[in-house]
Amino acid sequence: MLKPKVLILRTAGTNCDMETEHAFRLASGDPRRVHINELVAKREVMASYDILAIPGGFSYGDDIASGKVLANELRYELGEQVRDFASCGKPVIGICNGFQVLVKAGLLPGFTPIDEELQATLTFNDSAKFEARWIYLKVSTKNKCLWTKGIKKLLTLPVAHGEGKFIPREKKVLDLLKNNGQVVLQYTDAKGKSAGYPANPNGSVESIAGICNPQGNVFGLMPHPERHLTKYNHPRWTREKLGEKGDGLQIFINAVEYSKKKKL
Amino acid sequence: MTETDKVSIINIRDQGDDGLLAISRKNLLALNLTEMKTIQDYFRDLGRDPTDVELETLAQTWSEHCKHKTLRGIIEYRSQTADGSWQSETIDNLLKQTVMKATAELNLPWCLSVFKDNAGVIDFTKDNALAFKVETHNHPSALEPYGGAGTGIGGVIRDIVGVGLGAKPVVNTDVFCFGPPDTPFDSISDSILHPKRIAKGVVAGVRDYGNRMGIPTTNGAVIFDPSFIYNPLVFCGTVGLMPKKYISKEVLPGDLVLAVGGRTGRDGIHGATFSSIELDKETEVSAVQIGNPIVEKKVTDTLLKARDLDLYRGVTDCGAGGFSSAVGELGESCGARVYLDRAPLKYQGMLPWEIWISESQERMVLAVPPENLDRIMEIFTAENVEATVIGQFTATKKLELLYNEETVATLDMDFLHDGVPRYVRKAMWQLHKHEEPSASRESRVAGQKSLGKILKQILSQPTVASKEWIIRQYDHEVQGGSIIKPLTGAVNDGPSDASVCRPDLSSWSGFVVSNGINPRYGLIDPYWMTASAIDEALRNLVCVGGDIERTALLDNFCWGNPDKEEQLGGIVRAARACYDAAKAYKTPFISGKDSLNNEYSLEGRSLSIMATMLISAISVISDVRKCITMDIKKSGNLIYLLGDTYEELGGSQYLALLGLTGNGVPRVNFAKAKSLFTSLTKAIGQGLVASCHDLSEGGLAVAAAEMAFAGNLGMEIQLADGSWQIADKDKNETAILFSESNSRFLVEVDPKNKKAFEKAMKGQSVALIGKVRKDKTLQVKGLGGKVILKENIAGLKETWQKTLRW
């Protein structure tokens, strides 16, 4: 059977596209890195892909606000194509800067196909600086995200960002997210309990690290699953017994498997 | 050539000595009298005076920064021998006689391109090579720390992108020397920035540039000392990955000069010459450039794409000297004609000479065969990268510059590149006697303070203390190849000896990057400072599993004004250590850099930095899965000390606590060290070592403490079980615990590997001196068997972390 085609969106300042491409390749997908100019020039191209990934980086230098410029490009240049892609249930993932883009483009929380008004934001860390560290993540039990399906264990992934503090617009939004099963990942301590800084590295409300849309196909997260694909990426592989597979890999496998089934 | 409102003719033919020097000074040319006279003779022969463009071009190309005139010049060197007599000799091209000579004599097949391109290149895997370069950006960082450091890292990244036909940057390393962060504000001149302000600005600059470029910063060091208050040191390094087939360039006449990337502005005028003279309060900030990492990222992405399609024949970056250096280098063997009015500018109104020497950032120059122009332009345009043809390489052996159809400069390439007169400089070296601790002074410290307190005091010194506050601001995971991280251990906060990365995610081959630096030893003898730095860089990489047989080195000389005989004498000593050590370890130098004139002129006095040698090392590893870390792993495991301990407290952290330098500088027995490193590399490769840490600042005590708190386990050490190369009358526990003798390691071994490990280390200096404890205390039993130090590891760690938790 044909491998699902993965569109890895690039633009000025994208810098995690190669390892994201590698992740999808390990997951048996068929990834291609595509510059946004190419998509804008040929809008119909997007529909020929099965999965869309917006990788990490500093798109356009994060000028104005993190992810904002690329978000607007998606919204105003490719709005129709992106909306169609997401609403027909194809998997979409935004990692770190990609998460910021999805939120600022209104694709997440995605109460409507593209939210007119932003329902949440990702803003400056409480520590007021960029920080890179490995953190623990709990996968919420009742989430409906296809990307994390079947993952029960505590995940260990790195974060590396200056603007990762998740804040919903108002309490109602937070309640909706919870009730809809849209909260996917939460920062915890080593034992899986919610905790303050640095376990929650940025001060996110309710330690939220990743959310999905109500359908569960659009997923955004601040941590980097593509940086933990083998156990040799783990910060303590020289001292702990670990499986060969890194914690981030299953996330990519899930989407590729889902697309394969969907294509059948 | 005629004078216009854009170009001045400068009368030098009729000038006397004073007039020539006045012209050099007025125009910030940093050319001395001999050089000005050489230029005068050249133009007298031509029968005309130079334009400002020509004079500026010569000044940039001939700058110390670009030409390394001192280290390649003639040095009349005299030195005092041990018996007090003086020896004299003449050294013709110090670099060639030392650093480069070692590489040539070793003649290792895996050194693919050394000392000729923007970076050194070594063999990596079947298809790929690694390029490595470390640069300094000291003066800009003193004036404008954020911009100075950012463009420092930006510049060295471009060196890598511009090596051969271009390499992909895969790792950054950054080493800084600052004044003490607690320097009282009223103790320094108001013409400079406070050391803490400089430190924070430099870290932020490196952070924002490196992180935005998506290059992991995985290795570094920070030294704090009052001698860096007026002139901090900022070293930025980058490793690049490139297919072997792209390691060299070949520019042909007819190739187009294509300027790619950022636009040209007035920022960074005179950077090359300004870095070659000492700073004072009048120094202008306009010499510092403004960086834009996103532009550089776009340039890198598209350039590598064009490389893989073989669309150009040469590339180099616009660094110091701007277009002048870049076009000059690429066209050195053929010639070039450039139309300065065609260069895209940030704003109008720039004079031709300003366009030509501006050091605006993020610019590369390519040599493109005309038939490839359309295709290469398509690649740049597709990703919004500006690229403009500004000229053509020629077969005239001349550099010709035009502005609005008028010729504004015509210089022979030969004169431009080889016309600079050799410097003849005097150098002198003698050993100075430094004050030793008197019994009373030492007992004042030792008597009132327990060994545990001394240990804590050393751990809290900014130079020794945890750099976590800095490290966490750098993305050290981007690109997904991080294997051994800068912070390691039970809770990811112990100090790694070196970092390991695999740049190609489809292969398990990787490389280690490490560094060695300890300028305090240089106060006693720059020879042993350099030998120690090399030994330290190698120790660090051996600790994580680097292969000593496949290791290359970079030097970075940072000194004061080389016109001072003793400064240059120190450089000679240091360079000779480079030769001796590289030969003995069989670790060739592949590239290097010198930054001289690190001085600040304050009220008529020149304040010089402590002479500093940074050694950076890179080693190729065939399987990164065999690497190890420095955190102890399991209670009951054995602790071995490898290497000999002498009473070498000169320049140590211990003597620094007493406010002293001392004289017993750590030396190196190269043959013994090489043999030990080789055996240890093998033992680690066989999986016999659970953890390994090198002994450096603070000696045995600090290394043991760091291993223990990184592993969140206790450790017990019995000094009576070691053999110490210290005369009985001086044999005391303080010397043993805090001596900084080189070539030593603490190693943790599982008891089940005891036999195999001891066999692997046969013939080496090995002592089983302790074991890992469960109870989370560090305990040292003295020579008499009594407990002389007992500290809980949480307390030690807190002391070590607190200092720089900003």
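Start in chain B, where the axes of helix H18 (residues 451-459) and helix H25 come within 10 Å and cross at roughly 75 degrees. The word has cut-offs: angles under 35 degrees count as roughly parallel, over 145 as roughly antiparallel, 65 to 115 as roughly perpendicular, and the rest as oblique. The axes are lines fitted to C-alpha atoms, for helices over the stretch in contact, and the angles run from 0 to 180 degrees between N-to-C directions. Helices (H or I, at least four residues) and strands (E, at least two) are DSSP runs, numbered from the N terminus.

A word on the model before going further. It is predicted: local features need pLDDT of at least 70, side-chain atom pairs count only at pLDDT 80 or more, and totals for chains, interfaces and linings use all residues. Residues are numbered from 1 along each chain as its sequence is written, while chains are lettered from A and ligands numbered from 1 in the order in which they are written.

Which residues of H18(B) and H25(B) meet? From H18(B) come B:Leu455, B:Ile458 and B:Leu459; from H25(B) come B:Ala701, B:Val702 and B:Ala705. Two residues are in contact if their C-beta atoms, placed from the backbone, lie within 7 Å. By class, this contact has 6 nonpolar, no polar and no charged residues. Here Ala, Val, Leu, Ile, Met, Phe, Trp, Tyr, Cys and Pro count as nonpolar, Asp, Glu, Lys and Arg as charged, and the others, Gly among them, as polar.

H25(B), residues 699-711, also packs against helix H28 (residues 793-802) of chain B. Their angle is about 105 degrees, and their axes are 9 Å apart. H25(B) and H28(B) are therefore roughly perpendicular to each other. B:Ala705, B:Ala708 and B:Phe709 of H25(B) make the contact with B:Ile793, B:Leu796 and B:Lys797 of H28(B). These residues divide into 5 nonpolar, no polar and 1 charged.

Follow the chain out of H25(B). B:Asn712 sits in the loop between H25 and strand S29 (714-718) of chain B. B:Asn712 has a positive phi of about 55 degrees, although it is not a glycine. Most residues other than glycine have a negative phi. Is B:Asn712 buried, exposed or partly exposed? It is partly exposed, because 18 other C-beta atoms lie within 10 Å. A residue is buried if 20 or more other C-beta atoms lie within 10 Å of its own, exposed if 12 or fewer, and partly exposed in between, with C-beta atoms placed from the backbone.

B:Lys397 also has a positive phi, about 60 degrees, and is not a glycine. Its place is the loop between strand S13 (387-393) and strand S14 (398-403) of chain B. B:Lys397 counts as partly exposed because it has 15 C-beta neighbours inside 10 Å.

Now take helix H2 (residues 33-46) of chain B. At 1.5 Å a residue, its 14 residues should span 20 Å, and its end C-alpha atoms are 20 Å apart, which agrees. The expected span is 1.5 Å times one less than the number of residues. B:Glu35, B:Met36, B:Ile39 and B:Gln40 are buried in H2(B). They cover an arc of only 140 degrees around the axis, so they lie on the same side of H2(B). The arc is that of the directions from the helix axis to the C-beta atoms. An α-helix has 3.6 residues a turn, so residues three or four places apart point the same way. What covers the buried residues includes helix H1 (17-26) and helix H3 (52-61) of chain B. The face turned away from the buried side carries the exposed residues B:Asp41 and B:Asp45. Just after H2(B), B:Gly47 takes a positive phi of about 75 degrees.

Helix H22 (residues 565-585) of chain B is mostly covered: 15 of its 21 residues are buried. B:Lys586 follows H22(B), with a positive phi near 60 degrees.

One joins A:Leu108 and A:Pro109, with omega about -5 degrees. Another joins A:Tyr197 and A:Pro198, with omega about 5 degrees.

Finally, the two chains touch. The contact takes 32 residues from chain B and 30 residues from chain A. On the side of chain B that touches chain A, H10(B) gives the most, with 4 residues.
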